[in-house]
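Keep the structure open as you read.

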Amino acid sequence: MSEVALGIDFGGSGIKGAPVDLTSGALVAERLRIPTPEPATPHTVAEVVAQIVEHFRRLLSYDAIGVTVPAVVTHGLVRTAANIDASWIGTDAGALFSARIASPVYVVNDADAAGVAEARFGAARDSAGLVVVTTLGTGIGSALLFDGALIPNSELGHLQVDGHDAETRAASAARESEGLSWREWADRLQRYYGALEDLLWPTLIVVGGGVSKKADKFLPLLHLRAPIVAAQLRNEAGTVGAAVLAAEQLAASAPIASA
Ligand code: BGC
């Protein structure tokens, strides 16, 4: 496995990329952020991904490239589009990006990437048992990790809570658009995380997404069985996790050199 891989995180307002040191999880060059195109279709996003890849190819060498998508992804195929353009559904994003860049690209759900980064380098490092990493943003993303191993595409942001798709009430975007106080939002988070832990009994819950930098405003208001802590990699988690997973995928698929 090479030492550095490129991670790219496709978010609602920006597409961010950076080369990542696979041993430490640190970014090895200043990240590049390009505003998410409108509309953010597979083809417009592929162009931005290519720009980011070309920018870093001029600076340093790396083999593995990982890209997050905020949707269910199985074998590179995007299956859902809760908060993205509907044209993503059925798109083989792995094939599309790989063809555009002329290199293999590994595509992963955004929250799964963030979860892997927190498990390797952040708030869930060395945590045994079942860890749930959630990202509170436009929607709610989730990653399940058991003894550090990812169980992909858990989609726990779409749990039904009080008759609603949870992310429509408890995502960070709902707090902003409805002008909720921290206390009002925390009441919704309490219902959400309470329902989640009644089903899964995790040993640790990690809360990520941009709002996690204000965790002191809402985490102390929550009362759960499991410890609930703020993510540590903040908005770099998706980038770091995408790079790590891409490098592992490339290593696993590489032909074994003959002696
Ligand atoms: C999507 C997930 C995604 C999450 C965070 C949800 O609406 O269904 O796939 O991880 O938003 O972006």
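Strand 7 (106-109) gives the largest share of the lining of the second largest pocket, 4 residues. Strands here are DSSP runs (E, at least two residues), helices are runs of H or I with at least four, and both are numbered from the N terminus. The model is predicted: local features need pLDDT of at least 70, side-chain atom pairs count only at pLDDT 80 or more, and totals for chains, interfaces and linings use all residues. Residues are numbered from 1 along each chain as its sequence is written, and side-chain values use heavy atoms, with hydrogens and water left out.

Strand 5 (73-74), helix 2 (93-101) and helix 7 (237-253) also supply at least two lining residues each. In total, 19 residues line this pocket, and V73, H75, Y106, V107 and Q249 lie nearest its centre. A pocket is an open set of points on a 1 Å grid over the protein atoms alone, where a 1.4 Å probe fits, with protein on both sides within 12 Å along at least five of seven lines; lining residues have an atom within 4 Å of a point. The space inside is about 340 Å³, the volume filled by probe spheres set on the points.

The lining has 9 nonpolar, 7 polar and 3 charged residues. Asp, Glu, Lys and Arg count as charged, Ala, Val, Leu, Ile, Met, Phe, Trp, Tyr, Cys and Pro as nonpolar, and the others, Gly among them, as polar. Domain 1 (4-112 + 236-253) and domain 2 (125-232) both give lining residues, so the pocket lies between them. The domain bounds come from an automatic or database assignment.

Now turn to the ligand. Domain 1 and domain 2 both give residues to its shell, so the ligand lies between them. Of the 13 residues around the ligand, N83, D110, E155, H158 and E167 come nearest; a residue counts if one of its heavy atoms lies within 4 Å. By class, the shell has 6 nonpolar, 4 polar and 3 charged residues.

Which distances separate ligand oxygen atoms from polar atoms of E155 and H158? For the side chain of E155 the distance is 2.5 Å, and for that of H158 it is 2.7 Å. A polar contact is a pair of N or O atoms within 3.5 Å.

Two backbone details remain. Most residues other than glycine have a negative phi, and most peptide bonds are trans. H75 has a positive phi of about 50 degrees. A cis peptide bond joins E38 and P39, with omega about -5 degrees.

Key:
Polar contact = N/O pair within 3.5 Å; in protein donor to acceptor, adjacent residues only side chain to side chain.
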